[in-house]
Amino acid sequence: MAGTSGADASAHGRDWVVGPTSPPEQRQSADAGGGAEQLGEDERLLIGTDLADNERARFTVLERQTCFNLMSTRDIGRVAFTIEGDAAPTVLPVNYTLLNDTVIFRSTLAGTIMRYARGYAAFQVDHFDDERREGWSVLASGRCRWVRDSGELERIPQGRLPQPWVEGPRDQVLKITPARLTGREIHRS
């Protein structure tokens with residue numbers, strides 16, 4: 001409303017007050033310096049973060065074969081995939097087995113994984129020792145495919161299909177062939 005006269009502003013039910021054009025002075029704390037110490041930039045960046053004790057903890061990036069070796073020691077992991085229209089990925093736990101560097105797991109025909117995970121998916125498995133604050137995590141990503149060919153199913157050795165912990169039939173077999181495989185390990189010296 002620049003250029004509106006006082007009479008025009010009052011006619012519209014508004015009283016315009018023209019004040020100083022410079023910003024107001026910064027207010028001073030009543031307790032100047034009391035608990036408000038100046039922090040350097042590095043300290044400000046660390047506020048609220050938990051830091052590992054670098055003298056005792058080491059972080060290692062794992063090689064591809066080490067990732068496969070570690071994955072073969074576990075039988076529960078998480079499948080991550082996107083559902084069209086969702087803002088974030090869906091992540092679900094599954095029982096799995098590793099066979100010829102391929103993640104094999106089961107689902108139900110009407111399950112969420114069967115409906116949405118086929119295509120590209122990620123698979124994560126990890127193991128942590130809370131007491132020692134050590135552990136590892138492996139993330140595999142690649143094509144997730146429904147195994148329907150009877151010849152391919154027969155090539156899975158007897159007894160190697162994962163046994164689901166939950167009740168009910170899990171008679172559909174899926175597999176993720178990792179195109180990308182990364183792993184991290186933290187250990188104490």
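Predicted model: local features only at pLDDT ≥ 70, side-chain atom pairs only at ≥ 80, totals over all residues.
Which residues does S107 touch, not counting residues up to four places away in sequence?

Residues are numbered from 1 along each chain as its sequence is written, and side-chain values use heavy atoms, with hydrogens and water left out.

**Figure 1. Overview of the protein.** The protein has five helices and seven strands. Helices (H or I, at least four residues) and strands (E, at least two) are DSSP runs, numbered from the N terminus. Their order along the sequence is α-α-β-α-β-β-β-α-β-β-α-β. Of the 189 residues, 30% are buried. Buried means under 20% relative accessible area (1.4 Å probe, protein chains only). Among contacts between residues at least 6 apart in sequence, 69% join residues at least 24 apart. A contact means heavy atoms within 4.5 Å.

**Figure 2. Surroundings of S107.** S107 belongs to strand β4 (residues 102–107). Its relative accessibility is 6%, so S107 counts as buried. S107 touches I113, M114, R170, D171, Q172 and L174, leaving aside residues up to four places away in sequence.

**Figure 3. The aromatic pair.** A search of the whole structure finds one such pair. The ring centres of Y96 and F123 are 4.8 Å apart and the planes meet at 70 degrees, so the pair is edge-to-face. Rings of Phe, Tyr and Trp (its six-membered ring) pair if their centres lie within 6.5 Å; planes under 30 degrees apart count as stacked, over 60 as edge-to-face and the rest as tilted. The pair links distant parts of the chain, with Y96 in strand β3 (residues 90–99) and F123 in strand β5 (residues 119–129), 27 residues apart. Y96 is buried at 3% relative accessibility. F123 is buried too, at 0%.

**Figure 4. Arginines over rings.** R143 lies over the face of Y120, 5.6 Å from the ring centre. R148 lies over the face of W146, at 4.4 Å from the ring centre. A charge sits over a ring if NZ of Lys or CZ of Arg is within 6 Å of the ring centre and within 35 degrees of the ring normal.

**Figure 5. The buried face of helix α3.** In α3 (residues 64–71), the buried residues are C67, F68, L70 and M71. Down the axis of α3, these residues fall within an arc of 165 degrees, so they line one face of the helix. The arc is that of the directions from the helix axis to the C-beta atoms. The buried residues of α3 pack against β3, β4, β5, β6 (134–147) and β7 (172–188).

Technical notes:
Buried < 20%, exposed > 50% of the residue type's maximum accessible area, 1.4 Å probe, protein only.
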